[in-house]
Amino acid sequence: MKCALGILLAALVLLVPPPPTASADLVECAVFGPCLGTDGPDDMNGTDGYDEIRGFEGPDDIRGMGAGDDLYGGEGRDFVKGNGGDDAMHGGPGADELRASSDDSGGDFVDCGGGEDEAWADPGDAVDPDCETVHYIF
């Protein structure tokens with residue numbers, strides 16, 4: 001009886017689907033106005049002009065484009081990347097990864113925030129001392 005019950009329990013476990021994984025919401029930023037994330041994970045892409053992009057809760061993937069942008073991660077493990085222009089990048093309280101663009105001459109500002117953060121920057125970029133690990137791109 002115990003063996004049959006164990007086999008039945010094992011079969012039921014295999015039939016129960018796993019919980020859905022949280023997928024990121026795609027947030028397309030528009031010109032003229034702040035681009036705001038959601039309370040969950042977001043993929044956020046800027047425009048060719050100036051952008052203010054703010055992620056909120058959840059792990060966010062935030063990418064500026066073209067011009068100098070103001071990029072803010074929120075709670076959670078965020079990936080923030082400049083991509084041209086003199087960008088100001090801010091991590092949040094989570095363990096974040098911030099990448100200043102390596103295709104410009106410097107002039108980016110990187111502020112990692114709380115958590116164990118990692119930053120990539122040009123030697124001419126300003127990197128706040130709150131970044132625990134800094135890689136300089138030459």
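Helices (H or I, at least four residues) and strands (E, at least two) are DSSP runs, numbered from the N terminus.

**Ground rules.** I am working on a predicted model, where local features need pLDDT of at least 70 and side-chain atom pairs count only at pLDDT 80 or more, while totals for chains, interfaces and linings use all residues. Residues are numbered from 1 along each chain as its sequence is written, and side-chain values use heavy atoms, with hydrogens and water left out.

**Confidence.** I checked pLDDT (the predictor's confidence in each residue, from 0 to 100). The protein chain averages 82, and 81% of the residues score at least 70. Strand S10 (residues 109-111) has the highest mean at 96, and helix H1 (residues 2-15) the lowest at 39.

**Layout.** I found one helix and 13 strands in the protein chain. Of the contacts with a separation of 6 or more, 1% are between residues 24 or more positions apart. Buried residues make up 37% of the 138 residues, where buried means under 20% relative accessible area, exposed over 50%, and partly exposed in between (1.4 Å probe, protein chains only).

**Open sheet.** I traced six strands with parallel pairing, in the order S2-S4-S6-S8-S10-S12. Two strands pair if DSSP finds at least two bridges between them. The edges are strand S2 (35-36) and strand S12 (126-127), each pairing on one side only. Inside this sheet, S6 (residues 70-72) and S8 (residues 88-90) run parallel and share three bridges. Tyr-72 has His-90 in S8 as its bridge partner.

**Strand S3.** I then went to S3 (residues 42-45), whose covered face holds Asp-42 and Met-44 and whose uncovered face holds Asp-43 and Asn-45. S1 (residues 25-28) pairs with S3 in the parallel sense over four bridges, with Val-27 opposite Met-44. S3 is also joined to S5 by four bridges, again parallel, and Asp-43 has Asp-61 in S5 as its bridge partner.

**Arg-54.** This residue sits in strand S4 (residues 52-54). I have Arg-54 down as partly exposed because its relative accessibility is 28%. Beyond residues up to four places away in sequence, Arg-54 touches Cys-35, Leu-36, Gly-37, Met-44 and Tyr-72. Arg-54 lies over the face of Tyr-72, at 3.8 Å from the ring centre; the rule wants NZ of Lys or CZ of Arg within 6 Å of the ring centre and within 35 degrees of the ring normal. I noted Arg-99 over the face of Trp-120 too, at 3.8 Å from the ring centre. C-alpha to C-alpha, Arg-54 is 9.3 Å from Thr-38, with the two 16 residues apart in sequence.

**Gly-64.** I looked for Gly-64 and found it in the loop between strand S5 (60-63) and S6. Gly-64 counts as buried because its relative accessibility is 0%. Leaving aside neighbours within four places in sequence, the contacts of Gly-64 are Asp-69, Leu-71, Lys-81, Gly-82 and Asn-83. The C-alpha atoms of Gly-64 and Tyr-50 are 8.5 Å apart, at 14 residues along the chain.

Methods. Contact = heavy atoms within 4.5 Å.
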